[in-house]
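Please look over the chain shown here before reading the briefing that accompanies it. The points are grouped by topic and are meant to be read alongside the coordinates.

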Amino acid sequence: MNALFWLRRGLIWTGWILLALVVLGILAALALETGYLRGPLLKLLAERIDRPIRVDGPLRLQIFSHNPRLTAERVSIGSPSWTAAGNAAEVGKITVVFATPRLGQELIINELAIDEATLHLFRDVTGHANWQLENPDKHGPRALPIIRSLTMMNAHVLLDDAQEHRQFDGTISAHDAKGVDVAQPFRIEGRGQLNGRLVSFEMTGDPLRAADRDTRYAFSFNERSSGSHLAANGFLQRAFDLRAYDATFEASGADLRDMRYLTGTKLIDTGSYHLSGRLVRRGYTSSFTDLLITSGQSDLRGSVSIDSSKGQMDVDGDLNSQSLRLSDLGARAAGRDPDPAAYQMLLSRATPDLAVLRRGKAAVKFRARRVAATRAVFNTFAMKMTNDHGELTISPITAEVMGGKLNAEIKIDTRKDIPAARLEVTITDLQLGQYAAKKTAPPAIEGSLQLRVILMGQGRSVHDFAAHADGTVTARLPSGRVRDSLAELTGIDLRGLGLLLTKNHTEVPVRCGVADFKAHDGTLTAKTMVLDTTPVLIAGEGFIHLETETLDLILRGYPKNMRLLQLRSPILIRGTLKVPSIGIQAHDSKLVLVDPGKAKDADCETLLR
């Protein structure tokens, strides 16, 4: 009996408590609707979205409705705690109409209207952005809430994306056909300045009204800037979930570098190009497959995967080419007009984006059936590049060039303000006879050349690196054959000159050839230059200045047999690495009636060690 009494009393008190809670809830709702409890409501919302909120105008909340409504005017929304402080948005008026709340159902917004908005969008190099819903260090990206109708007309958008190298200043409008019975496509349109160039874009998607978490959401996208056009078609795997989507894309324009103004990615100059491929996005990973880029007579195809998690860019690529011409790349191919003197330079002044290299890792393989560089052609070219936060290694590099085998390794430390690099190149069995200046003439010299280059230096470009390089360059020619006219020309006598003019193609053996250069601060100094032929011993000296790429070499010929009317005249090699010139040093010429020809054979065994 006593137990029943206390049970009944407990139920009565429980009932009163529940009734009190309901009354308090109703009173709180009425207070909110009539404008009371404004401070606590804003504090609750700010804590929920982890962003400061300030409302300087009216704030109205209608709870007792089939579709609850929130309206606020002169709203400022700050950046979240994981980014730098500052306003992320200023809105003249925002209206949110919610779907009827139901137990077990996620929040659905029937209508979202944003008027007179200015958005300040920011992302730093580590991937922390003020538009992210949650802290990326603690949570992965999550889906957006379901929105059945969205209107935002002529919002002023200022974007500073340090990670993707994008800066945008323009207007964006988003709208569907609110109030129309038949569902209409959702459209986003924008125009303004993207990375300093005029840009316009538009996206069309399935009607928001019919979008559902369990179905795909199809979209199309078009963007134009600086003569380039990018188009894409695809679908979200689940509506309102930007974490997973598939798309095919196609781009074309006058210069591939202009794609930077559309994508934010720094690319190289080309002539007219065409680009196509497929993109699959899953969380932080973007996979580009079926890539195909063509420009001039060059092509590039393959796949690239980019993982941007943890604030870094991890790249994995596998690329190949049937034909790659270096003349299809660069400012000249694009029709741009830089300093005309740059055309005389062989070594590139292009500078990589060091911030990108320092921010992540990369492993890229590249193969090409044929790579054409000026007069040199590299067949079956292959290389592997790895990068670990600025420690860049390109190794191995292999190719076939003029019948020989090339092996090379490049190491670059970009973690320093001025990158430090080391280059090592070995070419074996290079067939000199395959280098012909004229197709109708036989080669001036034949033989199997061995070449080794070891250079170390600092610089932001290939040219800067060479201009300050230290190291060695060595070449060995164990044997071969040379045109008699060429050999005689270096010790110029009347017979040799006559042979050249009458196109006499008599060949003589080469006993050996050696060239050893010592590099210091960008200047190659000849330590040994010898080409020993049967009739003439040729010796040389001089310099190669890599900063200016100029040649300052002199060759002298010493006959091994007696000659009559010998004209002793050194041969000068001048010009540049790209455009060398050969001439006679006239002021040092001397006509000798009888040259006893006392030159001896070189010690080839010692020289070739």
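What follows is a briefing on strand pairing, side-chain contacts, aromatic rings and a surface patch. The model is a predicted one, and a search of the whole structure finds three aromatic pairs. Strand β20 has antiparallel partners in β19 and in β21.

- Strand β19, covering residues 360-373, runs antiparallel to strand β20, covering residues 376-388, and the two are joined by 12 bridges.
- Within this pairing, arginine 367 stands opposite alanine 382, which belongs to β20.
- Aspartate 388 has glutamate 391 in β21 as its bridge partner.
- A hairpin is formed by β20 and β21 too, again with two residues between the strands, and here histidine 389 in the turn has a positive phi of about 50 degrees.

- Strand β2 is joined by four bridges to strand β3, residues 69-78, with the two strands running antiparallel.
- Glutamine 62 stands opposite arginine 69 of β3 in this pairing.

**An aromatic pair**

- A pair of aromatic rings is described by the distance of the centres and the angle of the planes.
- Among the three aromatic pairs found in the whole structure is that of phenylalanine 249 and phenylalanine 288, whose ring centres are 6.1 Å apart and whose planes stand at 80 degrees, so the pair is edge-to-face.
- This pair links distant parts of the chain, since phenylalanine 249 lies in strand β13 (residues 244-253) and phenylalanine 288 in strand β15 (residues 285-295), 39 residues apart.
- Phenylalanine 249 counts as buried because its relative accessibility is 13%, while phenylalanine 288, at 24% relative accessibility, counts as partly exposed.

**Polar side-chain contacts**

- Serine 228 is placed in strand β12, which spans residues 228-236, and counts as buried because its relative accessibility is 2%.
- The side chain of serine 228 makes a polar contact of 2.8 Å with the side chain of tyrosine 273.
- Glutamine 132 is found in the loop between β5 and β6, and it counts as buried because its relative accessibility is 15%.
- The side chains of glutamine 132 and tryptophan 82 are joined by a polar contact of 3.3 Å.
- A polar atom in the side chain of glutamine 132 also lies 2.9 Å from the backbone nitrogen of alanine 129.

**A nonpolar surface patch**

- Leu133, Leu144 and Leu242 make a nonpolar surface patch of about 240 Å².
- Of these residues, leucine 144 is found in the loop between β5 (108-123) and β6 (146-147).
- Leucine 144 has a relative accessible area of 35% and is therefore partly exposed.

Notes
Residues numbered from 1 in each chain as written. Predicted model: local features only at pLDDT ≥ 70, side-chain atom pairs only at ≥ 80, totals over all residues. Heavy atoms only, no water. Patch = residues over 30% accessible without salt bridge, like charges linked within 9 Å, V, L, I, M, F, W, Y side chains within 5 Å. Areas by Shrake-Rupley, 256 points an atom, 1.4 Å probe, with all protein chains shown as cover. Salt bridge = Lys/Arg side-chain N within 4 Å of Asp/Glu carboxyl O. Buried < 20%, exposed > 50% of the residue type's maximum accessible area, 1.4 Å probe, protein only. Polar contact = N/O pair within 3.5 Å; in protein donor to acceptor, adjacent residues only side chain to side chain. Phe/Tyr/Trp six-rings, centres within 6.5 Å; stacked < 30°, edge-to-face > 60°. Pairing = 2+ DSSP bridges.
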